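Q: Please take a close look at one part of this model, the place where the two chains meet. A reader new to the structure would like a connected account.

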Amino acid sequence: MSERAFHQDPEPEPPAEEDEEATDDAREVTTGAEAAIIALEEAGVDMAFGVQGGAIMPVYDALYDSDIEHITMAHEQGAAHAADAYGIVSGDPGVAMATSGPGATNLVTGIADASMDSDPMIALTGQVATDFVGNDAFQEVDTVGITQPITKQNYFAGDPDTLGADVSEAFALADAGRQGPTLVDLPKDASKAETDVQPISPATPDTYHPPEKADEAVIEAAAEALQDADQPAILSGGGVVKGEASDELRAFARKYEIPVITTMPGLGTFPETDDLSLGMAGMHGTGAANLAITNCDVLLGVGTRFDDRLTGGVDSFAPDAEVIHIEIDPAEINKNIYADYPLLGDAERVLEQLDDELTDAPDAETWREQCQTWKDEYPLDYETPEDEPLKPQYVVERFAELADDDAIVTTGVGQHQMWACQFWTYTEPRTWVSSNGLGTMGYGVPSAIGAKLGAPDREVVTFDGDGSFLMTMQELSVAVREDLDITYVILNNEAIGMVRQWQDGFYEGRRMASEYPWIPEFDLLAESFGARGFRLEEHDEVDDVIKKAREYDGPAVIDAIIDPGENVYPMVPSGGDNGLFALSEEQLDNL
Amino acid sequence: MSSGELPGPAPDERMRPEGRRNTQGIRIDPEAEATHQPRHAVLSALVKHEPGVLAEVSGLFSRRQFNIESLTVGPTTDKNVARMTIVIEEPEPGVEQAKKQLRKLIPTIAVEELKPEAMRRELALVKVRAEKPDDVQSVAEMYNGQAVDASPNAVTVEITGSKQKIDAAVEAFEQFDVEEVVRTGAAALERGAETMDANGYASEE
Ligand SMILES: Cc1ncc(C[n+]2csc(CCOP(=O)(O)OP(=O)(O)O)c2C)c(N)n1
Ligand SMILES: [Mg+2]
């Protein structure tokens with residue numbers, strides 16, 4: 001460990017005086033841009049993440065008089081990820097802003113990420129004036145066209161009189177039903193134009209009717225199937241987080257004594273400390289979860305889209321199970337896995353309905369014992385921690401031990417992300433903030449910023465990869481400027497390790513473009529940003545460095561130099577059979 | 001360099017289920033794999049009449065790889081509502097997914113699959129070399145077609161009807177030199193007094 005020389009503690013700034021009571025008299029809309037900002041205020045927005053630029057300047061000008069706090073990010077991708085993470089931890093749509101052209105295209109990765117994970121988010125983009133649209137004007141791109149497949153709905157707000165209503169509706173839609181990102185494209189002339197139309201309070205359009213309560217006949221049939229099951233299992237997904245159904249799910253599982261598996265976005269919905277918890281299933285899931293999901297006879301999936309990283313090959317996914325699928329989005333029913341009992345509605349409500357209908361718990365004592373045996377047989381393990389060099393799993397495990405119980409974990413994408421899944425113990429919803437569906441390297445640094453600002457009283461830890469960190473590390477400047485107490489841990493294997501692992505496993509060890517011949521010293525880099533940097537190389541120093549980094553009041557970066565040969569297991573190869581997960585590279589070869 | 005083996009029984013020593021699912025995620029009898037044959041489905045959709053909706057719908061069908069045969073769109077008696085007729089060819093689960101994905105679009109008001117006996121019409125304009133105008137005329141008459149343009153060198157015939165009828169007509173015209181063909185794709189409505197609104201097709205009471 002070394003604390004490099006040139007760090008200086010910044011002068012602590014006195015906390016700004018805030019008068020919570022002060023409420024503006026309702027501001028009168030005078031321009032389209034003001035309508036947009038007042039619409040956000042009406043929706044209860046108090047923070048936005050973005051980057052300024054020509055076409056969005058009128059909207060930023062309207063922010064000047066607003067109580068909405070704006071966090072200037074280093075890159076629009078950072079703004080989108082921060083807004084996304086803000087949405088995950090708070091449950092309310094995060095707001096991302098960008099100018100036209102490159103500003104908008106830089107948002108795209110973050111919007112797609114939010115779309116894949118059903119995260120509530122609204123993006124406001126500037127656009128060239130309507131007279132120029134279609135002429136390939138300076139900084140013009142077809143933002144609505146580009147973002148159409150990755151938004152729940154998007155809007156070209158060319159009319160100043162309806163611009164505010166578009167923003168209100170976009171906000172309401174991002175938040176309603178199955179959450180997701182929306183976007184409003186604001187041509188500069190419309191935001192500058194005069195209007196006195198006051199925005200309405202957020203409401204979804206009349207064509208939008210998410211289901212609330214499941215069909216009683218299907219509830220009855222599903223309850224009967226569950227009651228008669230010998231080998232029941234619950235699969236708890238991200239919809240349980242988004243639907244605030246975690247308490248209901250816990251009570252349900254415990255009352256009927258049904259083992260619980262989570263998906264990756266579902267981490268934290270059921271406490272991993274509970275006897276009934278089997279952990280996460282899927283490509284790098286636990287042995288117990290993957291065996292239970294493969295051998296169960298009734299699978300109750302709640303708020304999950306049965307993504308391929310979870311199911312492996314569908315031919316071998318829960319092949320003996322009748323599937324009860326609780327889902328708010330009808331299009332997810334039978335999309336990947338056929339639902340014998342489709343239960344459309346709000347997860348919490350439908351679980352209540354099912355609970356009301358059930359009279360007895362399934363008789364599953366033997367099955368529970370079997371699940372426990374699997375838990376004992378397949379612990380997540382790694383080589384003796386005392387071994388040199390440092391093991392990433394040990395770093396995650398120790399941090400989990402030392403951190404607050406409700407600490408929020410954010411990650412990049414790669415091996416480190418999987419170790420963060422496996423070796424942290426998740427007990428609460430909204431503590432796992434990661435790029436589950438899109439797998440976006442670079443999510444880690446900016447998501448921590450959004451998470452910290454969305455949940456200022458919670459500890460925020462990021463496990464990042466050296467490769468992922470290099471993609472968005474410029475956002476560290478924002479964490480320093482905003483004086484955010486975040487601990488970044490780079491599990492540094494000097495490689496894009498997940499790719500290296502696949503090359504070793506599936507491409508005969510031909511390591512094309514997966515190892516870094518040279519990378520920066522991240523602790524020094526952190527210091528130059530004004531953050532505190534630590535270098536961690538020794539097993540014995542792990543606790544000490546984590547403690548120091550946690551104690552530091554502001555962003556700290558631990559550059560943890562880990563065993564570059566470490567791989568993530570268990571592993572189900574892409575499209576493989578969950579029940580045949582490999583415990584080593586050799587087993588993988590023999591599958 | 002790779003790490004050692006995690007504890008626990010190896011893959012071939014584990015409990016194994018007996019069943020299997022097909023590629024659509026449906027449990028099947030491993031002995032007798034049932035596959036769904038593609039079929040034609042005519043979807044009728046009421047959508048908000050606003051810019052971008054056509055792009056949204058066609059984008060949806062292409063990115064989700066639904067096999068689309070034709071798509072037509074036009075106004076209705078309500079100026080805020082447009083009606084689309086989409087003919088797809090998909091196995092049953094694909095038809096179901098297409099309907100759901102279409103319903104999920106925010107500007108979509110209602111989506112229905114029309115019955116096989118629904119009225120279906122398309123229109124074609126066929127431009128043929130007019131060396132023997134009388135022969136062209138008599139083929140056109142066979143298909144209730146109408147010459148809509150005639151010049152010294154070419155005749156253009158308009159034909160409306162089912163897809164099959166138009167296929168047959170175009171084929172028949174091939175005995176002359178067919179210079180150009182344009183077809184609209186199907187417009188379709190349910191037979192009888194039924195009409196479609198935001199709740200779909202109201203069945204007759
Ligand atoms: C934006 C982006 N580009 C490429 C990839 C493909 N990819 C997946 S994991 C990975 C390696 C990540 O390296 P690092 O962040 O160092 O994590 P590690 O696997 O070494 O822990 C790559 C390149 C991706 N997921 N995201
Ligand atoms: Mg790495």
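A: The account below takes the interface of chain A and chain B, then turns to the two domains of chain B.

This is a predicted model, in which local features need pLDDT of at least 70 and side-chain atom pairs count only at pLDDT 80 or more, while totals for chains, interfaces and linings use all residues. Residues are numbered from 1 along each chain as its sequence is written, chains are lettered from A and ligands numbered from 1 in the order in which they are written, and side-chain values use heavy atoms, with hydrogens and water left out.

At the interface, 55 residues of chain A are in contact with 40 residues of chain B (contact means heavy atoms within 4.5 Å). The two chains bury about 3,900 Å² between them, with 51% of it on carbon and sulfur atoms; buried area is the accessible area (1.4 Å probe) that two parts lose on being put together, summed over both. On the chain A side, A:Gln148, A:Thr207 and A:Leu583 supply 13% of the area buried against chain B, more than any other three residues.

Four salt bridges are found across this interface (a side-chain nitrogen of Lys or Arg within 4 Å of a carboxyl oxygen of Asp or Glu). The side chains of A:Asp340 and B:Arg27 form a salt bridge, at 2.9 Å from N to O.

The elements α11 (287-295), β11 (322-327), α14 (365-377) and α23 (585-590) of chain A each supply at least two residues of the side that touches chain B. Helices (H or I, at least four residues) and strands (E, at least two) are DSSP runs, numbered from the N terminus.

Within chain B, an automatic or database domain assignment gives domain 1 (39-113) and domain 2 (119-188). Their C-alpha centres lie 28 Å apart, and seven residues from each domain take part in the contact. Domain 1 and domain 2 of chain B bury about 520 Å² between them, 55% of it on carbon and sulfur atoms. Between these domains there are zero salt bridges and two residue pairs in polar contact, both at pLDDT 80 or more.

Conventions:
Polar contact = N/O pair within 3.5 Å; in protein donor to acceptor, adjacent residues only side chain to side chain.
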